[in-house]
Amino acid sequence: MSVVQLELPRDAWDDRTVSELLALASSRSADDRQRLLLKVTSLCESNPPPPKVAPLLSDIFLALTAQAERDIRLALSERIAGVDWAPPALVNMLALDEIEIARPVITSSPLLQNADLIRLLIEATLEHQIAVARRPQLARPVVDTIVDRAEPVTMTALASNRTADIGEDAMRKLVDHSRRIAGLRAPLTRHPRLNEQLAQQLYQWVGQALRQSIGERFRIDDAQLNAAVQDAAAKAVGSPEWRAMSARMTEDRARIDAERRLVEKLQAAGQLRPGLLVRALREQRFELFEQTLAVLGGFSEAQVHHAIRAPTAEPLYLACIAVGVDKAVFASLLVEVRKLSGGMPADGGWKATPMSAHAASRAFHQMMHKPATV
């Protein structure tokens, strides 16, 4: 019997119907299997299956989905994202699929338990982790896992999730992390769980625009806070911690100077290539990445600095394309940059469009010369 001709009953789920569907699931025809998958989905939507057929129904879905084409898996993920009748094993399988397929169920499926979401945070890609962090009404155990793992981009996504159950301890840790992760600051200033004590702490290391935002929500005595900061700084000078910090700053300056000399040497020898950008990131030599990008593109260090810390990845994309980085390589390069820069550039809206190196260079310089906006 052809699957196309199969008339699925809409008023009953008996053993004969389920057995017949399971047999058809083993068809060698990919088209038949995919048509059957959509027909079974439609049947479940119109007449949710009773508990007694759940195990067999799960077998049918898993057998069909495992062999389905990408567009079929995507359509299935979107159709079952919000239902409660889908087999949990199927939902978990789709949640581990490529991110475009996984995102609908990660975002909306009521069948994903806290343990399932935590497993995604541990085992899945960074894009999957971000989708988990953005899930509405995210439960506290999952929130705490995100904060404890301290992945900058994932924490930034969590800070932007106003419905997540972020406890006081987790919020305090996020504010602490925002000292080094600039991308956390703006969403934290607007978060409904930020209290006055944490706002005082956050106020110390945000820019003027964000200070105004905090001041509109909380009573911040700027003069008193500045006096407290200066008093704390005075007490810190001469302490073992201060001496250690000074030593680290000296080491950082020496390392930056060494990276600059290396780039200059390679440039003089005609050996400076875009591949050094990828190598520098893999070796976690972020200063070398910045220096190389600036010299290769004829950019100033300030321009590269602003591109990396922009609210969108577009400036960095243009700079990289301008020096010869392939568009297909940029996505993985961006992930590595965010790991080393505290989650920057931020995840603002933009679209990577193919262009020549010359066009990218011109667009980058035009963008860098635009008046700064707050």
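## Packing of H20 against H22

In the predicted model, Glu314, Pro315, Leu318, Ala319, Ile321 and Ala322 of helix H20 meet Ala357, Ala360, Ser361, Ala363, Phe364, Met367 and Met368 of helix H22. The axes of these two helices, H20 and H22, come within 7 Å and cross at roughly 140°, which makes H20 oblique to H22. The crossing of H20 and H22 is left-handed.

## Aromatic pairs

A pair of aromatic rings is described by the distance of the centres and the angle of the planes. With centres required to lie within 6.5 Å, the count comes to three aromatic pairs. In one of them, the rings of Phe299 and Phe364 have centres 4.4 Å apart and planes at 45°, so the pair is tilted. Phe299 lies in the loop between helix H18 (286-297) and helix H19 (301-308), whereas Phe364 belongs to helix H22 (residues 357-368), and the pair thus links distant parts of the chain, 65 residues apart. Phe299 and Phe364 are both buried, and Phe364 is also among the H22 residues that meet H20.

The rings of Tyr317 and Phe330 have their centres 5.2 Å apart and their planes at 75°, so this pair is edge-to-face. Because Tyr317 lies in helix H20 (residues 314-322) and Phe330 in helix H21 (residues 327-340), the pair ties together parts that are 13 residues apart in sequence. Tyr317 has a relative accessible area of 2% and is buried; Phe330, at 3% relative accessibility, likewise counts as buried.

## Nonpolar cores

In soluble globular proteins, nonpolar side chains tend to be buried together. The largest nonpolar core here has 58 residues, of which Ile80, Leu138 and Leu158 touch the most other members. When neighbours within four places in sequence are left aside, Ile80 is in contact with Thr41, Trp85, Ala86, Leu90, Val91, Leu94 and Val105. Another core, of 33 residues, lies apart from the largest one and includes Leu281, Leu318, Cys320 and Val325; Leu318 is also one of the H20 residues that meet H22.

## Packing of H8 against H10

Leu158, named above for its contacts in the largest core, also takes part in a helix pair, in which Leu126, Gln129, Ile130 and Ala133 of H8 meet Val153, Thr154, Ala157 and Leu158 of H10. The axes of helix H8 (residues 126-133) and helix H10 (residues 152-159) come within 8 Å and cross at roughly 20°, and H8 and H10 are therefore roughly parallel to each other. H8 passes H10 in a right-handed crossing.

Key: Residues are numbered from 1 along each chain as its sequence is written. This is a predicted model: local features need pLDDT of at least 70, side-chain atom pairs count only at pLDDT 80 or more; totals for chains, interfaces and linings use all residues. Side-chain values use heavy atoms; hydrogens and water are left out. Rings of Phe, Tyr and Trp (its six-membered ring) pair if their centres lie within 6.5 Å; planes under 30 degrees apart count as stacked, over 60 as edge-to-face and the rest as tilted. Helices (H or I, at least four residues) and strands (E, at least two) are DSSP runs, numbered from the N terminus. Buried means under 20% relative accessible area, exposed over 50%, partly exposed in between (1.4 Å probe, protein chains only). A nonpolar core is a set of buried Ala, Val, Leu, Ile, Met, Phe, Trp, Tyr and Cys residues joined through side-chain atoms within 4.5 Å. Contact means heavy atoms within 4.5 Å. Axes are lines fitted to C-alpha atoms, for helices over the stretch in contact, and angles run from 0 to 180 degrees between N-to-C directions. Angles under 35 degrees count as roughly parallel, over 145 as roughly antiparallel, 65 to 115 as roughly perpendicular and the rest as oblique. A crossing is left-handed if the near helix is turned anticlockwise from the far one by less than a right angle, and right-handed if clockwise.
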